[in-house]
Amino acid sequence: MVANTIFGIGAAILLVRHRFPGKRILGALIDLPLAVSPVVVGLALILVYGRFAPAGGWLERHGLQVIFSLPGMVLATVFVSLPLVVRAIVPVLEEMGEDQEQAAHTLGASRWQTFRRITLPGIRGALGYGVVLCLARALGEYGAVAVVSGRQVGQTQTATIWIQQAFGNYDQAGAYLGAVVLALLAVSILVAMNVFKRKEA
């Protein structure tokens with residue numbers, strides 16, 4: 001979630017405040033996870049970071065295993081949920097315009113000061129909304145994470161993977177309890193989303 005917050009803010013500012021070659025391509029790549037099956041995302045990560053892929057093999061020789069470990073799970077989760085943060089912030093940045101930021105630069109404010117005192121307060125509600133959506137997506141993610149995690153018991157299990165494995169092992173009580181916990185979290189997230197909507201309004 002921290003990675004999505006940082007990358008989401010950076011990507012949104014890049015798309016709204018800057019003009020550069022390939023801007024539309026970047027926007028399309030950010031939206032790609034919304035159009036592609038999560039299982040395909042997991043397979044793509046294996047093809048890039050797997051043991052027999054050039055990048056994955058090089059990383060593994062240098063002591064960093066991506067696939068079937070935590071880094072691969074983080075990559076999969078960040079990839080599938082990043083668009084939710086970006087697309088929550090972009091409309092607010094467009095509505096804010098650049099007048100206040102340019103005025104701050106004219107008065108001698110640095111980029112960091114302008115971001116901290118003008119941009120961030122302006123997008124705070126949208127950022128909170130996007131982060132909540134990102135959290136909901138991450139909690140419920142199964143396809144991409146199941147592919148890259150290897151489903152190793154006690155090591156690379158997420159809540160959704162554990163529930164599926166518990167149900168497959170005829171532990172219905174445990175599976176239903178896990179599902180109820182996720183459902184309660186989903187309700188809490190819906191309440192939080194409504195709070196952020198009211199703040200934006």
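The side chains of Arg51 and Glu60 are joined by a salt bridge with an N to O distance of 3.0 Å, a salt bridge being a side-chain nitrogen of Lys or Arg within 4 Å of a carboxyl oxygen of Asp or Glu. Arg51 is exposed at 55% relative accessibility, whereas Glu60 is partly exposed at 28%; here buried denotes under 20% relative accessible area, exposed over 50%, and partly exposed the range in between (1.4 Å probe, protein chains only). The structure is a predicted model, in which local features need pLDDT of at least 70, side-chain atom pairs count only at pLDDT 80 or more, and totals for chains, interfaces and linings use all residues. Residues are numbered from 1 along each chain as its sequence is written, and side-chain values use heavy atoms, with hydrogens and water left out.

In total, four salt bridges are present in the structure. Side chains of opposite charge can pair when their charged atoms come close. In the pair formed by Asp31 and Arg87, the closest N and O atoms are 2.9 Å apart. Helices (H or I, at least four residues) and strands (E, at least two) are DSSP runs, numbered from the N terminus. Both partners are partly exposed, Asp31 at 28% relative accessibility and Arg87 with a relative accessible area of 32%. A further salt bridge links Arg137 to Glu141, with 2.4 Å between the closest N and O atoms. In this pair Arg137 is partly exposed, at 27%, while Glu141 is buried, at 2%.

The interior was examined next. In soluble globular proteins, nonpolar side chains tend to be buried together. A nonpolar core is defined as a set of buried Ala, Val, Leu, Ile, Met, Phe, Trp, Tyr and Cys residues joined through side-chain atoms within 4.5 Å. The largest such core comprises 19 residues, and Ala12, Val86, Ile89, Leu93 and Leu127 have the most contacts inside it. Two or more residues of this core are given by each of helix 1 (2-17), helix 5 and helix 7 (111-140), and the largest share, seven residues, comes from helix 5. Apart from this core lies another, of 13 residues, which includes Leu59, Val66, Val145 and Val148.

Contacts (heavy atoms within 4.5 Å) were then considered for individual residues. With neighbours within four places in sequence set aside, Val86 is in contact with Gly8, Ala11, Ala12, Leu15 and Ile30. Thr119, located in helix 7, is buried at 4% relative accessibility. Not counting residues up to four places away in sequence, Thr119 touches Ile13, Leu93, Met96, Glu101 and Thr114.

At least two residues of the nonpolar patch are supplied by each of helix 7 and helix 10 (172-200), with helix 10 giving the most, three residues. Leu177, which lies in helix 10, is exposed at 57% relative accessibility.
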